[in-house]
Amino acid sequence: MSSGERSHSLGSIVERFGGELIGDKNVSVTQVAPLELAQPWHLSFLSQAKYRNQLETTRAGAVILGPEARDLTSLPRIVCTDPYAYFAKVSSFFNPVKIPPPGLHSSAVVASSARIPASASVGAHACIGENAVIGEGTVVSPGCFVGDGVKIGDACFLHPRVVIYHQCIIGDRVILQSGVVIGADGFGIAMDAGRWIKIPQIGRVLIGNDVEIGANTTVDRGAMGDTVIEDGVKLDNLIQVGHNVRIGAHTAIAGCVGIAGSTKIGRYCRIGGAAMISGHLEIADNVTISGATGVGKTITKAGIYTSAYPAEPHHEWLKNAVHLRHLHELAKKIRGLEKQSRKPKRKTK
Amino acid sequence: MSSGERSHSLGSIVERFGGELIGDKNVSVTQVAPLELAQPWHLSFLSQAKYRNQLETTRAGAVILGPEARDLTSLPRIVCTDPYAYFAKVSSFFNPVKIPPPGLHSSAVVASSARIPASASVGAHACIGENAVIGEGTVVSPGCFVGDGVKIGDACFLHPRVVIYHQCIIGDRVILQSGVVIGADGFGIAMDAGRWIKIPQIGRVLIGNDVEIGANTTVDRGAMGDTVIEDGVKLDNLIQVGHNVRIGAHTAIAGCVGIAGSTKIGRYCRIGGAAMISGHLEIADNVTISGATGVGKTITKAGIYTSAYPAEPHHEWLKNAVHLRHLHELAKKIRGLEKQSRKPKRKTK
Amino acid sequence: MSSGERSHSLGSIVERFGGELIGDKNVSVTQVAPLELAQPWHLSFLSQAKYRNQLETTRAGAVILGPEARDLTSLPRIVCTDPYAYFAKVSSFFNPVKIPPPGLHSSAVVASSARIPASASVGAHACIGENAVIGEGTVVSPGCFVGDGVKIGDACFLHPRVVIYHQCIIGDRVILQSGVVIGADGFGIAMDAGRWIKIPQIGRVLIGNDVEIGANTTVDRGAMGDTVIEDGVKLDNLIQVGHNVRIGAHTAIAGCVGIAGSTKIGRYCRIGGAAMISGHLEIADNVTISGATGVGKTITKAGIYTSAYPAEPHHEWLKNAVHLRHLHELAKKIRGLEKQSRKPKRKTK
């Protein structure tokens with residue numbers, strides 16, 4: 001765990017971020033930490049009731065908590081309505097992103113027609129294509145490839161070895177982790193006389209503002225129209241986003257999810273890890289998909305959707321799984337038994 | 001959406017690709033587009049009956065359609081037996097692949113023993129190993145790594161940051177999207193006295209002609225024999241192909257699929273996204289595996305195979321899933337009830 | 001299949017690795033091969049009873065087998081207790097890893113504060129950050145990125161295009177295949193007034209000794225504490241390891257697995273391909289998770305756990321799957337029938 005270098009008094013934190021301070025405003029902290037790891041120089045937080053017992057044993061110097069927990073500790077504390085969001089803001093303040101110095105590394109290969117402001121940083125062995133535009137303060141780390149005609153907004157951070165194919169458009173404050181591939185060809189093929197013909201993928205990828213995309217995630221360019229990732233979307237690692245998908249603003253998607261072509265996902269959705277979403281579907285706003293759930297039909301109503309077969313000891317699974325293939329017969333037998341059980345009644349009338 | 005630059009008359013298209021032209025042969029188009037996005041300078045297509053209503057409202061300048069739909073519109077139209085394949089050919093004609101100029105970039109690091117024809121293009125920061133052979137007109141984009149002894153055929157296109165390990169063989173007209181890794185070590189380990197020992201992976205990857213492999217997909221080298229991808233195979237993004245797998249010609253596999261070691265997949269199979277195929281299996285020709293389906297046994301007959309638990313509202317899933325673990329008992333109870341329901345009958349005889 | 005260059009007599013092999021030699025000690029072999037591919041210059045092995053019939057037809061020059069199979073062939077043979085581990089050792093001896101010559105390639109970009117011993121190899125277009133430390137004999141292949149403050153132990157092998165973010169710690173004899181990303185930011189976000197705020201990921205990744213990680217696998221850095229991969233862990237390709245996960249020593253995980261944040265996996269576990277493990281769980285030592293199994297709860301006992309819905313012909317699946325959504329009703333009907341079937345009995349008393 002790295003430790004923040006500067007010391008901050010609780011008083012100065014409350015002044016900056018609000019909340020009610022209970023205890024000594026001169027207590028100072030240098031870093032955030034979870035309750036069970038915190039030391040006296042740490043500011044910790046309680047965001048879920050199940051961690052309350054850790055409040056009794058924590059060595060933290062101070063704690064952020066909600067009004068319902070204000071009297072559960074005698075530690076110096078900041079009481080606020082949303083301790084987790086408060087913690088996130090304080091942590092961002094304590095741990096500012098390290099930006100490499102601006103300028104082009106001598107080993108970078110930059111097309112003469114590319115527009116790169118003096119405030120941007122282009123790292124070693126990066127390539128920037130013809131007519132590409134890089135925004136103010138944006139970081140293109142070592143080994144990144146930015147294709148012809150790509151536009152990247154201001155204050156973006158491309159980590160090492162990101163690839164952005166030609167013509168894709170990236171908004172402001174977008175973070176792309178290493179290995180991300182934006183705008184590769186979508187999976188468009190047509191069978192003709194026993195051979196697949198490739199369908200040129202002539203659309204783009206459009207990424208909004210404040211999007212973050214995790215390591216080795218891939219977002220394919222549109223086949224004809226564009227693939228669109230709206231503002232504030234957060235994608236974890238190793239996600240596949242097919243061509244012409246649209247992901248609505250502020251939707252968060254955990255790792256290993258696959259989204260097949262042309263599916264439209266709403267705003268403020270939350271999609272659990274390894275969920276698999278078929279193509280040409282629509283998913284409404286505010287839908288939560290549980291982890292490892294397969295979605296094969298359009299979902300028109302907000303709510304939580306799930307389809308996982310829960311893990312069980314293998315010898316029990318062996319006994320149960322065989323009946324999955326005969327549910328139809330089981331259901332038929334039950335109908336038969338129900339009919340039979342009704343018949344005698346009639347006879348007795 | 002990018003727009004083709006040249007204008008093509010319907011007459012010249014039919015002359016080149018066949019089909020029956022109904023309407024003015026001098027109507028000209030510059031690009032393809034789907035019915036709902038098409039403008040008057042677009043050639044569109046109808047390949048599925050469900051989009052017929054879009055035919056009434058489309059602004060397309062002309063349409064490709066099948067004989068059954070020839071009278072559904074008054075637009076200029078090309079009637080042919082397979083509108084989707086026809087569209088694919090026209091789009092490829094309108095949108096030729098942009099090939100970078102031939103030659104070696106000065107920052108590329110190329111072994112002196114590598115054989116690279118004057119027609120090939122080797123981009124910035126690419127590495128080409130000892131005795132590697134690159135074919136005529138092949139593009140090795142910036143940041144690619146081509147290992148020792150690798151052979152790549154003619155007219156291939158390696159997008160930025162592809163890695164091909166030593167000794168692997170790639171056919172002609174192969175497309176590898178960014179982040180593809182060909183020939184990394186397979187997962188070969190043996191437990192010995194409480195520790196895993198690595199088993200050297202001394203096979204290769206052999207890739208046929210006209211193969212395309214999607215972004216960040218991995219194909220492991222064989223443990224002893226080779227991993228083989230036959231002609232015309234199409235792999236989408238983020239697929240894992242284990243060591244010694246063989247994928248038969250013209251099989252298409254969607255994103256996020258995993259294929260464990262030594263499995264043999266037949267020709268002309270279609271495997272849906274996120275399907276998971278166990279090791280040491282055989283899958284016959286012309287098998288279709290639905291998305292998110294787990295295949296744990298050999299499949300000897302052509303057909304469609306499925307295993308997904310369909311998503312449902314979470315509160316209903318909670319009620320249902322618990323019974324999955326007791327299917328065995330449910331089935332037993334039904335058998336008991338059936339026996340009982342038969343007994344009274346005998347008594348009444 | 002590459003062939004070992006040196007010739008080894010069976011006598012010299014038994015002298016080095018033990019086991020009982022039956023047959024001519026002067027028979028010599030140059031490479032290992034599986035029974036069905038072996039030629040007279042190959043040493044093969046029988047590790048599973050199901051391959052016994054291949055013993056009759058193999059063209060191998062000699063065979064490694066267990067005591068129970070010692071009399072199943074007249075070929076020169078080495079009898080030992082664990083033929084697979086014996087084979088692994090012989091193969092490693094026949095096929096030593098090719099280490100590139102030590103030294104820094106002129107195109108590598110290495111911070112002046114980095115510590116790189118003369119025995120290490122740093123390839124073309126690699127980047128080594130400030131204060132990074134590389135161990136003796138370690139190979140950093142072309143295009144790798146090693147961030148500020150990273151420490152890598154001795155005799156490691158980073159294949160081309162590996163990325164290690166700042167401050168991560170790697171043990172000795174670690175192998176990272178191409179496209180691996182170590183230490184990218186974990187998926188830490190907090191919702192605040194309708195927008196996600198990023199939670200700085202200030203932990204590290206700590207990787208023990210003798211770990212191998214497969215192509216394009218990602219291991220996220222800890223949110224506050226560290227993500228830990230203990231000694232001897234083996235990870236296959238395209239695996240996602242979330243922030244603050246701990247994977248116990250000598251656990252082996254097959255491809256396409258996802259492990260969500262803060263989950264602790266025990267020692268000597270075996271996790272099948274495409275298994276999905278939720279966050280904040282604990283999995284005991286010696287647990288085996290079957291392929292494609294979703295684990296949503298803590299597992300406290302060693303054993304095998306499974307949850308896959310087995311694939312079946314699609315038309316049968318259509319009939320069966322519909323009942324999955326009504327298991328609850330089916331179970332209720334059965335309870336009803338059971339009650340009814342008990343009632344008449346009482347009446348007849």
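Author: Two strands pair if DSSP finds at least two bridges between them. Strands (E, at least two residues) and helices (H or I, at least four) are DSSP runs, numbered from the N terminus. This is a predicted model, in which local features need pLDDT of at least 70, side-chain atom pairs count only at pLDDT 80 or more, and totals for chains, interfaces and linings use all residues. Residues are numbered from 1 along each chain as its sequence is written, and chains are lettered from A and ligands numbered from 1 in the order in which they are written.

Reader: How many bridges join β20(B) to strand β25 of chain B?

Author: There are 3 bridges between β20(B) and β25 (residues 218–220), and the strands run parallel. Within β25(B), B:Asp220 is the bridge partner of B:Ala184.

Reader: And how many join β17 of chain B to β20 of chain B?

Author: Strand β17 (residues 163–164) is joined to β20 (residues 181–184) by 2 bridges, again in parallel. Here B:Val163 has B:Val181 as its bridge partner.

Reader: Turning to chains A and C, which strand of chain A is joined to β38(C)?

Author: Strand β39 (residues 312–313) of chain A is joined to β38(C) by 2 bridges, and the two run antiparallel. A:Glu312 is partnered with C:Thr306.

Reader: How many residues are in contact between chains C and A?

Author: On the chain C side there are 63, in contact with 62 residues of chain A; contact requires C-beta atoms, placed from the backbone, within 7 Å. Elements of chain C that each supply at least two residues to this side include β38 (303–306), α4 (314–324) and α5 (327–348).

Reader: What about B:Thr298: where is it found?

Author: B:Thr298 lies in the loop between β37 (294–295) and β38 (303–306) of chain B. Leaving aside neighbours within four places in sequence, B:Thr298 is in contact with B:Leu281 and B:Glu282.

Reader: How far apart in space are B:Thr298 and B:Ile229?

Author: They are 19 Å apart, C-alpha to C-alpha, and 69 residues apart in sequence.

Key. Contact = placed C-beta atoms within 7 Å.
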